[in-house]
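Here is a quick briefing on one protein model, written for someone who likes cut-offs spelled out. Have the coordinates open while you read.

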Amino acid sequence: MRIVAAVLLLGLPAVANAQSYQCRAPSGLSAPAERKPASEPRRITPVTGYTLALSWSPEFCRMRKDSRRDKTQCSGDDGSFGFILHGLWPDARGPAYPQYCASTKPLPPAVVKRNFCMMPSANLMAREWAKHGTCMTKRPETYFRVSRIMFDAVRFPNMDRLSRKPLTAGQFRNAFAAANEGVQPNMIRLKVNKRGWLQEVKLCLGKSFRPQRCPAFMKATKPENAIKIWRGA
């Protein structure tokens with residue numbers, strides 16, 4: 001439980017982040033155990049910090065409205081989503097981060113239900129626990145509890161307003177940092193697709209879970225690059 005104590009000692013506020021609307025976990029959700037892909041190595045290396053990866057759901061779902069695989073996140077039947085948690089990832093001193101540190105069992109249904117509105121995909125939950133969570137703690141309940149604390153502590157800028165004007169990566173990072181006390185633009189990395197649409201925001205965290213400057217090996221979008229935000233159909 002040491003990892004939970006470290007997070008709780010930060011005194012981070014539990015904020016109603018309004019990133020899910022009319023969200024309700026569907027009945028019968030299950031998250032089978034995720035197996036390590038044969039192509040992926042198992043890496044057990046010292047953890048030096050973390051990345052909180054936040055996916056912009058309208059862009060992810062843009063071409064996936066009718067996808068069976070992504071139904072719970074993208075169909076609109078179980079809620080509408082803004083930012084969702086892609087994952088809380090342990091980092092190492094270089095790009096070879098720890099992953100798949102232990103084999104897993106199916107996630108308890110209560111864990112899937114409790115975290116659905118933060119991460120509206122049982123498959124994603126299973127994958128994040130297997131790939132990243134097992135390198136942080138022995139219990140999925142602990143991993144998702146810490147993830148939820150960190151996700152709920154983030155304040156998001158007004159994405160609708162930002163989407164309606166010309167915007168650069170630097171301006172977006174400034175807006176995101178301004179919304180979060182203690183966060184500087186150099187603590188934020190963006191994932192933008194080839195067409196210039198925002199896909200993901202990554203917040204760099206130290207070993208104590210406090211925001212810190214992103215490491216040099218983590219590629220940064222040039223501040224002058226134009227980006228666009230898809231609001232959804």
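**Disulfides, salt bridges and a helix**

C101 and C135 are joined by a disulfide, with 2.0 Å from S to S; a disulfide here is a pair of cysteine sulfur atoms within 2.5 Å. Keep in mind that this is a predicted model: local features need pLDDT of at least 70, side-chain atom pairs count only at pLDDT 80 or more, and totals for chains, interfaces and linings use all residues. Residues are numbered from 1 along each chain as its sequence is written, and side-chain values use heavy atoms, with hydrogens and water left out.

**Disulfides**

- The count comes to four disulfides by that rule, and with bonded cysteines counted along the chain they follow the pattern 1-5, 2-3, 4-6, 7-8.
- Back to the pair we opened with: the link of C101 and C135 has 100° about the S-S bond and is right-handed. C101 sits in the loop between β4 (83-91) and α4, and C135 in the loop between α5 and α6, so the pair ties together parts that are 34 residues apart in sequence. Helices (H or I, at least four residues) and strands (E, at least two) are DSSP runs, numbered from the N terminus.
- Are these two cysteines buried or exposed? C101 counts as buried because its relative accessibility is 17%, and C135 is buried too, with a relative accessible area of 13%. The cut-offs are under 20% relative accessible area for buried, over 50% for exposed, and partly exposed in between (1.4 Å probe, protein chains only).
- C23 and C117 make another disulfide, S to S 2.0 Å. The torsion about their S-S bond is about -100°, so this disulfide is left-handed. It links distant parts of the chain, with C23 in the loop between β1 and β2 and C117 in the loop between α4 (109-115) and α5 (122-131), 94 residues apart.
- At 18% relative accessibility C23 counts as buried, whereas C117, with a relative accessible area of 30%, is partly exposed.
- The sulfur atoms of C204 and C214 are 2.0 Å apart in a disulfide, and with 100° about the S-S bond this link is right-handed. C204 belongs to strand β6 (residues 198-206) and C214 to the segment after β6, 10 residues apart. Both C204 and C214 are buried.

**Salt bridges**

- How many salt bridges does the structure hold? There are seven, where a salt bridge means a side-chain nitrogen of Lys or Arg within 4 Å of a carboxyl oxygen of Asp or Glu.
- K71 pairs with D77, the closest N and O atoms being 3.2 Å apart. K71 is partly exposed, with a relative accessible area of 40%, while D77 counts as exposed because its relative accessibility is 55%.
- R62 and E59 meet through their side chains in a salt bridge of 3.3 Å, N to O. With 23% relative accessibility R62 counts as partly exposed, and with 7% E59 counts as buried.
- D160 forms a salt bridge with R164, and the closest N and O atoms there are 3.0 Å apart. D160 is partly exposed at a relative accessible area of 38%, and R164 counts as exposed at 55% relative accessibility.
- Shared partners also join some bridges up: E59, R62 and R195 form one network of salt bridges.

**Helix α6**

- Why does the length of α6 check out? At 1.5 Å a residue, its 14 residues (140-153) should span 20 Å, and the end C-alpha atoms are 20 Å apart, which agrees. The expected span is 1.5 Å times one less than the number of residues in the helix.
- α6 is mostly covered, as 10 of its 14 residues are buried. Among them are P140, Y143, F144, I149 and F151.

**P41 and its surroundings**

- P41 lies in the loop between β1 (20-21) and β2 (49-56), and it counts as partly exposed because its relative accessibility is 38%.
- Which residues does P41 touch, leaving aside neighbours within four places in sequence? P41 is in contact with K36, Q99 and Y100, contact meaning heavy atoms within 4.5 Å.
- P41 and Q99 are 58 residues apart along the chain, and their C-alpha atoms are separated by 7.8 Å.
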